[in-house]
Amino acid sequence: MSEQQTTGSAWPDPPYLYKRYTTENLEKLQQAKKTGQFPDELISQPPGPDFTLKSLEPPPPPTDSYTIFDQRWQVHEQLQPLSELGVKQLFPSGPIGNDYAKRRDHLFLTVAILKDRIQELKKLNRTLIVQFLDLLDVLVNDPDQYGERIENISTIFINMHHILNEYRPHQARETLRLLMENQIAKKKRMAAELRSYG
């Protein structure tokens with residue numbers, strides 16, 4: 001089985017590279033690190049292809065993206081704008097509620113952004129209902145013309161999903177805050193129970 005076929009499967013075989021890390025090769029690597037000179041000669045081990053001593057060094061950590069099981073992942077997760085995904089954006093561009101950032105403190109900013117997102121989701125929901133009723137009307141009168149209505153509904157759903165995904169970091173912070181508050185309350189309760197026994 002070729003290496004390309006192996007990486008495409010759900011659970012690929014472990015890489016053969018671990019067989020290169022013999023005691024002898026690791027000693028050579030340590031010596032090369034001390035001298036600062038890595039020899040260019042190839043090391044041959046029969047089951048796998050030849051390799052250089054420099055290839056035993058671990059690769060630098062990824063800074064932009066990396067690939068695991070044929071899927072590309074970003075090191076710093078960020079939500080891509082809809083324009084990069086090739087989808088029409090139906091709500092105002094930029095972070096929703098951005099105009100409050102200059103005038104208000106952080107708490108008010110969070111509430112303003114939330115209210116703004118809720119308003120945008122409500123608008124999109126009303127538009128979705130209108131598009132669905134329009135689709136039903138088209139299906140009754142001219143069933144061949146349904147494609148554009150389906151595409152509009154799909155765009156609305158993608159926009160709604162994008163707004164919800166913009167809110168995920170705030171949701172994660174709030175979930176973590178609640179978890180920590182529950183842990184503190186539980187520890188205080190346990191400490192009070194221990195004091196009552198003493």
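Modeller: First the ground rules. This is a predicted model, where local features need pLDDT of at least 70, side-chain atom pairs count only at pLDDT 80 or more, and totals for chains, interfaces and linings use all residues. Residues are numbered from 1 along each chain as its sequence is written, and side-chain values use heavy atoms, with hydrogens and water left out.

Biologist: What makes lysine 33 and glutamate 57 a salt bridge?

Modeller: The rule asks for a side-chain nitrogen of Lys or Arg within 4 Å of a carboxyl oxygen of Asp or Glu. Lysine 33 and glutamate 57 come to 3.2 Å, N to O, so the pair qualifies. Lysine 33 is in helix H2 (residues 23-35), and glutamate 57 is in the loop between H2 and strand E1 (65-68), 24 residues apart. Helices (H or I, at least four residues) and strands (E, at least two) are DSSP runs, numbered from the N terminus.

Biologist: How many salt bridges does the structure hold?

Modeller: Seven. One of them joins arginine 149 to aspartate 134, with the closest N and O atoms 2.7 Å apart. Arginine 149 is buried at 18%, while aspartate 134 is partly exposed at 27%. Elsewhere, salt bridges that share partners join Glu174, Arg177 and Glu181 into one network.

Biologist: What makes lysine 123 and glutamate 120 a salt bridge?

Modeller: Their closest N and O atoms are 3.5 Å apart, so the pair meets the cut-off. Both lie in helix H4, three residues apart, about one turn of the helix. In general, an α-helix has 3.6 residues a turn, so residues three or four places apart point the same way. Glutamate 120 is buried at 8%, but lysine 123 is partly exposed at 43%.

Biologist: Which residues make up the largest nonpolar core?

Modeller: It has 11 residues, including Leu82, Phe91, Leu124, Ile156, Met160 and Ile163. Helix H4 (106-141) and helix H5 (147-166) are the elements that give two or more residues to this core. A nonpolar core is a set of buried Ala, Val, Leu, Ile, Met, Phe, Trp, Tyr and Cys residues joined through side-chain atoms within 4.5 Å. Leaving aside neighbours within four places in sequence, leucine 124 is in contact (heavy atoms within 4.5 Å) with Leu90, Ile156, Asn159, Met160 and Ile163.

Biologist: Why is histidine 162 called buried?

Modeller: Its relative accessible area is 7%, so it falls under the 20% limit. Histidine 162 lies in helix H5. Not counting residues up to four places away in sequence, histidine 162 touches Leu79, Gln80, Pro81, Leu82 and Phe91.

Biologist: How do you know that H5 is close to its expected span?

Modeller: The expected span is 1.5 Å times one less than the number of residues. H5 has 20 residues, and 28 Å is expected. From first C-alpha to last, H5 reaches 29 Å.

Biologist: What sits over the ring of phenylalanine 38?

Modeller: The charged end of lysine 54, 4.5 Å from the ring centre. The rule asks for NZ of Lys or CZ of Arg within 6 Å of the ring centre and within 35 degrees of the ring normal.

Terms used: Buried means under 20% relative accessible area, exposed over 50%, partly exposed in between (1.4 Å probe, protein chains only).
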